[in-house]
Amino acid sequence: MLEKSELATRDREYKPSGLYLPPTPQLNTSRINISEVRDLLDKFSNDSSALAISLNRVMYQVPGVREYISDVLKVRARASILAEKVRRSSDLTLIAAEYGEIDQLWRVVSHQLDQVRGLDRESKRIVVRMNDHDRKLGDMLQTGPQLKRTELLRQTSALANALGNLVEDIEIELSREPQKFDLVREGQKVEQRMIQVSNLIIDRQNYDSIKREYLAFRDSWYSYAARLRPYHNRILSRGIQRVVQQDRSIQELLWLPQDGANLEEIAHLTEALKRDVDEFYRRATLRLLISLPPANYISTSDEFYGTVENLIDTVNHNESSNELITSFTYIDDSWKDFSALFHSVESPAALQLLDKVDSSINALRVSLRVEEPSENLDLAKLVVALETQTSQLSIIAEQWLATESPSVRRSTQNAIRDFSTIAHELHRLVIMKPSSRSLISAKTSELFESWFTVHEKISRCDSREKYQIQETAVRITQMLMDVRYATK
């Protein structure tokens, strides 16, 4: 046991609030030219607007950008606000602190956009320019590269939790395996490595230390996952996929380059898909097929099975990521016909097997980073979620508006109310049978125009509710992107 005095000292030294930004260091103002800062901020702000417009234009051709537009809009809003402040103020300490937060946001979204396949040349040029402005501003304001530590801690904690659940599943699912205790012990070691990464973040260690420890964790995790996959256990596979998804999120937050598709992981998922398909064929008896409406089952089944075998061959020949994605798109397209054909069977067991095949295809989609087709997005659920988030925004905004002038309060409330009304009207159109695509498309455009007004109003918030409003706005913007994508 620690001595009581030492324990008391450590309690005082340990501050979970260390995650928050530390006091801004004393700036060497003699080397800062405020005119240059203003000029660079204006350029960064203007380019962020140009990037949002460019990404919105190519969203349908490059659907991978869809999930990042909301973050670009967030960067644009905060850069615009800071550029306006700098025109009126010369408080370099305040400017440096606020720009450090913008740098946190931009570094992550810039890294994410670099990983998007097929991004157009114009968007890439704008990203390069913004990176250059960001580097110069960071040097000038002495902020240095800024990690999103709070989000990073949340993701690393979630990954540690996913590993803990996976170890518990191993104890249950592999209870009769001779290597069970060895696998449990190794899993606990991997989990502890991830906890150590979280501890480094809490202790505000520098980026290089966190990155080095995380790369060491990844090496141990890849080795451990390779030992688990041969068991072909669906529960363990699901646990592995949770860790894989968390790993990707953390890679982005640490600005780590994506290594492309993990062939070992793809091979395992492809084998799982083939086993699910084979099991369905074994269960699909002649009596079951006779009960279905007339259709060419043989050609549809043969085409789908052929696409699965084609992907297996592509994996076995160690083809490039682009070839793997091309092979997967054949499966995705063929699956639509196959699923539609057999989902009318009156057999709960067969339908359950079809759901397993669908889950395996979705796991491959995630692993290959293939965008989900727009027709798979449930528009009605999206709009309901959008209305819920709008209600949440209204509640948070009321707390902020209580301290604002009557004119600002009234105009912002009206803007949010108009947006909520249009969202409700869109929901009504979506659930109408039959629904008019042209009316839905027109109402979606109206909703976007209304959101631009709301976004401009709430971007002025500079009170303690600022971050809650920003996070809610990001979620709403993402949902709007999904709505537009689903109604294209």
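1. Buried means under 20% relative accessible area, exposed over 50%, and partly exposed in between, with a 1.4 Å probe and protein chains only. At 44% relative accessibility, Glu264 therefore counts as partly exposed. Glu264 sits in helix H10, residues 263-283. Leaving aside neighbours within four places in sequence, Glu264 is in contact (heavy atoms within 4.5 Å) with Ala226 and Arg229.

2. The model is predicted: local features need pLDDT of at least 70 and side-chain atom pairs count only at pLDDT 80 or more, while totals for chains, interfaces and linings use all residues. Residues are numbered from 1 along each chain as its sequence is written, and side-chain values use heavy atoms, with hydrogens and water left out.

3. The protein chain has 18 helices and zero strands (DSSP runs numbered from the N terminus: H or I of at least four residues for helices, E of at least two for strands). Of its 488 residues, 48% count as buried. Among contacts with a separation of 6 or more, 81% are between residues 24 or more positions apart.

4. Helix H13 covers residues 321-342; its 22 residues should span 32 Å at 1.5 Å a residue, and the end C-alpha atoms are 31 Å apart, which agrees. The expected span is 1.5 Å times one less than the number of residues. H13 has a kink of about 30° centred on Trp335, the bend being the angle between axes fitted to the seven residues ending at a residue and the seven starting there. Trp335 is also buried, as are Phe328, Ile331 and Asp332, among others in H13.

5. Helix H15, residues 379-401, reaches 32 Å from first to last C-alpha, close to the 33 Å expected for its 23 residues. Its buried residues include Glu387, Gln389 and Trp400. The buried residues of H15 pack against helices H16 (406-431), H17 (437-458) and H18 (466-486).

6. The second largest pocket holds about 480 Å³ of space. Of its 20 lining residues, Arg234, Ser237, Arg238, Ser360 and Ala363 are the closest to its centre. Helices H9 (234-253) and H14 (348-368), together with H10, each give two or more residues to the lining. A pocket is an open set of points on a 1 Å grid over the protein atoms alone, where a 1.4 Å probe fits, with protein on both sides within 12 Å along at least five of seven lines; lining residues have an atom within 4 Å of a point. The volume is the space filled by probe spheres set on the points.
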